[in-house]
Amino acid sequence: MHDMAGWLILGAAAIVGSTIGGVAGFGTGVIMIPAIAWSVGVKATVPVLTVCMLVGNSARVWFSRHDIVWRVVAAFLVGAVPMTMLGATLYTRIDSVWLSRMMGAFMILAVPLRRWLAHTGVTVRLHHFPLVGAVFGFLSALVGAVGPIMTPFFLSHGLRKGRYLATDALCTVGAYITRAIMFRRAELLTGPLVVTGLYIGVVMIGGAWLGRRLLDRMTENTFLRILEALLIIFGLQFVLWPSR
């Protein structure tokens, strides 16, 4: 992806995705998956997404660093790091068509699963987070981003506002660093892909700012409906017409 049209499409998707994420608290990564897959190919999607989401989440960590709940981060990463390594290893060996179908299926299933998790009323305790981290690490390494189904677990532990944003972001950064190392060793994360990921990450900063401004004009439910509709549309496209 070297033409101007490709850069503009990635930039526009980054603005839309980070705007929705800035309001709903998640969704940035899954919105970016179709645009990245179209621009650089399915196989390069998760490596590029790893870089751009590292930029965005690192900024969230820094701005809310005083709100981090360190014990949750530690428990999460105990499970996330080894399972991220396993998931990334499998990712390097799966055919692009099947990766496309897996991403599409996850997008579609994320809608009812997120709703169910948000209304179960289950209390997530500290000793549950190694398992939460293991699921996150494994799935995110295969399908790119699993924010829509991971958010309820952090909220169920009682994390709110800055404590939720900072803790979730640092957990994600830890898992994504592991992912980046694995992809780099497998030669899936090349120099040009790193540049693409950094470009998307920088553009996302503007979208996050825009999201905070739109929050006063549109309800969170409106953004959630937009996100769910996009997940289903793109998910069906990936499943029915898998990309390479």
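Start by selecting Ser64, which is buried, with a relative accessible area of 16% (buried means under 20%, using a 1.4 Å probe and protein chains only). This is a predicted model, where local features need pLDDT of at least 70 and side-chain atom pairs count only at pLDDT 80 or more, while totals for chains, interfaces and linings use all residues. Residues are numbered from 1 along each chain as its sequence is written, and side-chain values use heavy atoms, with hydrogens and water left out.

Ser64 sits in the loop between α3 and α4 (70-91); helices here are DSSP runs (H or I, at least four residues), numbered from the N terminus. Show what touches Ser64: leaving aside neighbours within four places in sequence, Gly162 and Ala166 are in contact with it (heavy atoms within 4.5 Å).

Next, select α3, residues 45-63. Its buried residues include Val48, Cys52, Asn57 and Val61.

Where do they meet? Among the α2 residues there are Met32 and Ile36, and among those of α3 are Val48 and Met53.

Last stop: Ile200. Beyond its neighbours within four places in sequence, Ile200 is in contact with Leu10, Ala14, Met32, Ile36, Val48 and Cys52.

Terms used. Helix = DSSP H or I, 4+ residues; strand = E, 2+ residues; numbered from the N terminus. Expected span 1.5 Å × (residues − 1). Buried < 20%, exposed > 50% of the residue type's maximum accessible area, 1.4 Å probe, protein only.
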